[in-house]
Amino acid sequence: MLKIKGTQFNSESGEEVMEFATEAKLYRKNDAIYLIYDESEFSGMPGCRTRLRLKDDEVQMKRVGKGIGDGHELKFRKGERFTTTYHTPFGPIELEVLTNELENTLLSDDGGQINIDYNISLKGLSEGRNKLNITLM
């Protein structure tokens with residue numbers, strides 16, 4: 001089981017918190033840990049499956065399936081910027097992520113946490129700061 005808590009901070013609406021729990025698959029492959037879980041209506045991405053790849057000091061997040069977020073991939077590494085194109089029903093938007101902090105204590109099937117603090121920019125639309133906490137129970 002995973003407990004996922006996302007916090008969004010922005011100047012317009014303040015702080016917004018979303019929390020949910022879901023079942024996940026965990027496996028190891030080539031010195032990396034993978035977590036795979038299905039998104040829900042609550043997360044705003046029903047029909048999508050999220051894959052987290054944890055290796056060394058990096059987390060890669062990829063979403064596949066139907067709906068918003070399909071094919072979307074993000075990379076988080078402390079102090080680094082990642083730029084990608086986010087495809088929406090209204091067309092592509094450039095998305096940039098700057099990872100402020102990254103902590104991964106998930107070392108085995110026994111549990112642990114992933115904490116990511118990052119700034120995100122959807123060019124021309126919005127900017128904000130997010131925190132993502134994923135706990136393996």
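Visitor: What share of the contacts in the chain with a separation of 6 or more comes from residues 24 or more positions apart?
Guide: Residues 24 or more positions apart account for 27% of those contacts, where a contact means heavy atoms within 4.5 Å. This is a predicted model, in which local features need pLDDT of at least 70, side-chain atom pairs count only at pLDDT 80 or more, and totals for chains, interfaces and linings use all residues. Residues are numbered from 1 along each chain as its sequence is written, and side-chain values use heavy atoms, with hydrogens and water left out.

Visitor: OK, how many helices and strands does the chain have?
Guide: The chain has eleven strands and zero helices, with helices (H or I, at least four residues) and strands (E, at least two) taken as DSSP runs numbered from the N terminus. Going along the sequence, the pattern reads β-β-β-β-β-β-β-β-β-β-β.

Visitor: And how much of the chain is buried?
Guide: Of the 137 residues in the chain, 39% are buried, that is, under 20% relative accessible area with a 1.4 Å probe and protein chains only.

Visitor: Why does threonine 7 count as buried?
Guide: Threonine 7 counts as buried because its relative accessibility is 9%.

Visitor: So which residues is threonine 7 in contact with, leaving aside neighbours within four places in sequence?
Guide: With those neighbours set aside, threonine 7 is in contact with Glu15, Glu16 and Val17, and also with Arg129, Asn130 and Lys131.

Methods: Buried < 20%, exposed > 50% of the residue type's maximum accessible area, 1.4 Å probe, protein only.
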